[in-house]
Amino acid sequence: MSDRASIPGIWTRTGFVDDRFGEGSGAVLMSPEEATGKLGSGTANVLVLEPGDETGAVAGRIHEFDAVFIRFPVFSDGRGFSSARLLREKHGFRGEVRATGRFILDQIPLMLRVGFTSFAVDHEPTLRRLAAGDL
């Protein structure tokens, strides 16, 4: 990998992909508190969960979201792992679950096991290793 700008920052099990919820996509990103007023706008609905947000707050309408982005503000905050597992196992969410924020390569295998399907990677060493096919 010689040029960081040539690699999209979204990684999935199949490799790097373009961000279908990125700028210009029309996707509406919202917190659990904002979800009631914005759902059903006709565009892609993306729930953004911060550490400590309760997945149960939107459980009854979880099927209306196209994706859930779970933010990791620091490498050592593991609450997002629990959120992903609850979304999949308790609430039956089938859409994209994306990790955003601060995580490293070593965390990705466990993230995949608990239900994450995509990763907004901005950690340079992790980007390099994933680009090289080294998971």
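Me: Before we start, what does "buried" mean here?
Reply: A residue counts as buried when its relative accessible area is under 20%. The model itself is a predicted one.

Me: Good. Are Phe 21 and Phe 69 buried or exposed, then?
Reply: Both Phe 21 and Phe 69 are buried.

Me: And how much of the whole chain counts as buried?
Reply: The protein chain has 135 residues, and 41% of them count as buried.

Me: Let us turn to the fold. How many helices and strands are there?
Reply: The protein chain contains four helices and seven strands. Read from the N terminus, the order of elements is β-β-β-α-β-β-α-β-α-β-α.

Me: And what share of the contacts comes from residues 24 or more positions apart?
Reply: Among contacts with a separation of 6 or more in the protein chain, such residues account for 50%.

Me: Now the aromatic rings. How many aromatic pairs are there?
Reply: The count is seven aromatic pairs. One of the pairs is formed by Phe 21 and Phe 69, and its geometry is edge-to-face. The ring centres are 6.0 Å apart, with 75° between the planes.

Me: Why does that pair tie together separate parts of the chain?
Reply: Phe 21 sits in the loop between strand E2 (15–17) and strand E3 (28–30), whereas Phe 69 belongs to strand E5 (residues 67–72), so the pair joins parts that are 48 residues apart in sequence.

Me: Which residues do ring pairs link into a cluster?
Reply: The cluster consists of Trp 11, Phe 72, Phe 81, Phe 103, Phe 116 and Phe 119.

Me: Back to the loop between E2 and E3. What does Ala 27 touch there?
Reply: Ala 27 lies in that loop between E2 and E3. Leaving aside residues up to four places away in sequence, Ala 27 touches Phe 21, Ala 44 and Val 46. The C-alpha atoms of Ala 27 and Val 46 are separated by 6.8 Å, and the two residues are 19 residues apart along the chain.

Me: What does Arg 98 touch?
Reply: Not counting residues up to four places away in sequence, Arg 98 touches several residues, among them Phe 21 and Phe 69. Its contacts also include Asp 19, Phe 116 and Phe 119.

Notes
Residues numbered from 1 in each chain as written. Predicted model: local features only at pLDDT ≥ 70, side-chain atom pairs only at ≥ 80, totals over all residues. Heavy atoms only, no water. Phe/Tyr/Trp six-rings, centres within 6.5 Å; stacked < 30°, edge-to-face > 60°. Helix = DSSP H or I, 4+ residues; strand = E, 2+ residues; numbered from the N terminus. Buried < 20%, exposed > 50% of the residue type's maximum accessible area, 1.4 Å probe, protein only. Contact = heavy atoms within 4.5 Å.
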